[in-house]
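Work through the exercises below with the sequence and the coordinates at hand. Each task is followed by a solution in steps.

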Amino acid sequence: MSTISASTTSTTAYKVTADTTGTLVLQTGSTPTTAVTIDTSQNTTLAGYLNAPNTFGFKNRIINGAMMIDQRNAGGSVSTSSGNKTYTVDRWAVEYSQTSKFTAQQNAGSVTPPAGFTNYLGVTSSASTSVGSTDLYRIFHVIEGYNIADFAWGTASAKTITISFWARSSLTGNFGICLQNSSNNRAYAASYNIPVANTWTYCSITIPGETTGTWGSNNSLGIAINFDLGSGANDLIAPGSWQAANANGATGCVPLVGTSGATLYLTGIQLEVGSVASAFDY
């Protein structure tokens with residue numbers, strides 16, 4: 001157990017005599033409540049808000065994860081009737097192998113976002129699409145290499161990350177997500193569950209750092225994050241491990257484009273270092 005004693009150099013300061021075998025817990029209040037914990041790896045967890053004059057970290061590596069900025073479309077529905085890739089809200093795009101199978105826009109359906117958020121990205125299926133093995137339907141976001149260089153992926157020092165977000169769908173079940181590198185030869189698929197239709201669900205997925213493969217650490221693509229909308233078998237892998245594959249989703253998940261009128265809404269997307277999801281960072 002760590003002990004706190006008066007500093008030998010000041011009557012107003014204190015020092016901690018370390019006990020490296022346990023976690024330091026600081027409590028406050030007349031009925032003691034945990035305020036801060038520091039584990040043996042010096043990871044610090046705050047129970048409440050941190051009041052500081054400046055931000056001093058880049059915790060959330062996702063840009064516009066709250067889907068607030070939509071400079072291209074100003075809230076309008078994007079066209080998926082030509083080409084195979086379209087940008088929606090800033091930093092987010094949709095890709096499709098067959099045209100006119102779904103629509104995407106900020107605040108589609110005009111539902112109330114989760115508490116603390118004012119916007120979301122919504123996708124609505126336009127048809128009951130029969131998905132071929134080579135078909136691809138996804139929402140994706142690209143993180144620049146500079147912004148994940150400290151992850152040290154591709155080395156023995158690779159850091160674990162956690163992705164957290166809010167999701168809502170008219171369908172229930174497991175939905176697929178997948179991370180991949182710029183060479184499209186390393187991928188990690190996972191699934192998240194929406195148990196109740198048309199209800200916001202908070203999701204958190206912890207992914208071990210990838211120790212192999214090539215990962216961008218400059219202004220090239222660092223990590224691509226894919227939310228699968230019902231891609232074909234050639235773009236899916238089993239969830240739960242890093243694989244040598246070019247993939248965009250996980251096997252055994254709900255194909256949103258397979259049901260006409262089905263919806264998927266996302267907001268509050270955060271990707272951070274560590275094995276625990278923390279409060280969303282704007």
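**Exercise 1. Cavities**

Task: Find how many cavities of 30 Å³ or more the model contains, and state which residues line the largest cavity.

Solution. The model is a predicted one. Step 1: the count comes to one cavity of 30 Å³ or more. Step 2: the space in the largest cavity is about 30 Å³. Step 3: its lining consists of R61, I63, R91, H141, V142, I143, E144 and N147. R61 returns in Exercise 3, where its side chain pairs with that of D150.

**Exercise 2. Overall make-up**

**Exercise 3. Salt bridges**

Task: State how many salt bridges the whole structure holds, and work out which residues are linked in a network.

Solution. Step 1: the search finds four salt bridges. Step 2: one of these joins D150 and R61, with 2.8 Å from N to O. This pair links distant parts of the chain, 89 residues apart: D150 is in the loop between β10 (137-144) and β11 (161-169), and R61 in the loop between β5 (44-46) and β6. Step 3: D150 also forms a salt bridge with K159, where the closest N and O atoms are 4.0 Å apart. Step 4: R61, D150 and K159 are therefore linked in a network of salt bridges. Step 5: compare accessibility within the network. R61 has 9% relative accessibility and so counts as buried. D150, at 33%, counts as partly exposed, and K159, at 34%, also counts as partly exposed.

Step 1: another salt bridge pairs E95 with R138, the closest N and O atoms being 2.5 Å apart. Because E95 lies in strand β7 and R138 in strand β10, the pair ties together parts that are 43 residues apart in sequence. Both E95 and R138 are buried.

**Exercise 4. A buried charge without a partner**

Task: Locate D90 and explain why D90 has no salt bridge.

Solution. Step 1: D90 sits in the loop between β6 (85-87) and β7 (92-96). Step 2: D90 is buried, and the nearest side chain of opposite charge, R72, is 4.4 Å away. Step 3: a salt bridge needs the nitrogen within 4 Å of the carboxyl oxygen, so D90 has none. Step 4: leaving aside neighbours within four places in sequence, D90 is in contact with I63, N64, I69, D70, Q71 and R72.

**Exercise 5. A glycine in a loop**

Task: Decide whether G216 is buried or exposed, and list its contacts beyond four places in sequence.

Solution. Step 1: G216 is found in the loop between β14 (201-207) and β15 (221-228). Step 2: its relative accessible area is 12%, so G216 is buried. Step 3: apart from neighbours within four places, G216 is in contact with G145, I148, L221 and G222.

**Exercise 6. Cysteines**

Task: State how many disulfides are found, and whether C178 and C203 are buried or exposed.

Solution. Step 1: the search of the whole structure finds zero disulfides. Step 2: C178 has 0% relative accessibility and counts as buried. Step 3: C203, at 5%, counts as buried.

Technical notes. Residues numbered from 1 in each chain as written. Predicted model: local features only at pLDDT ≥ 70, side-chain atom pairs only at ≥ 80, totals over all residues. Heavy atoms only, no water. Helix = DSSP H or I, 4+ residues; strand = E, 2+ residues; numbered from the N terminus. Buried < 20%, exposed > 50% of the residue type's maximum accessible area, 1.4 Å probe, protein only. Lys, Arg positive; Asp, Glu negative; His and termini not counted. Contact = heavy atoms within 4.5 Å. Disulfide = S-S within 2.5 Å. 1 Å grid on protein atoms, 1.4 Å probe; cavity = no way out; pocket = protein on both sides within 12 Å on 5 of 7 lines; lining within 4 Å. Points joined across faces, edges and corners; volume = space filled by probe spheres on them.
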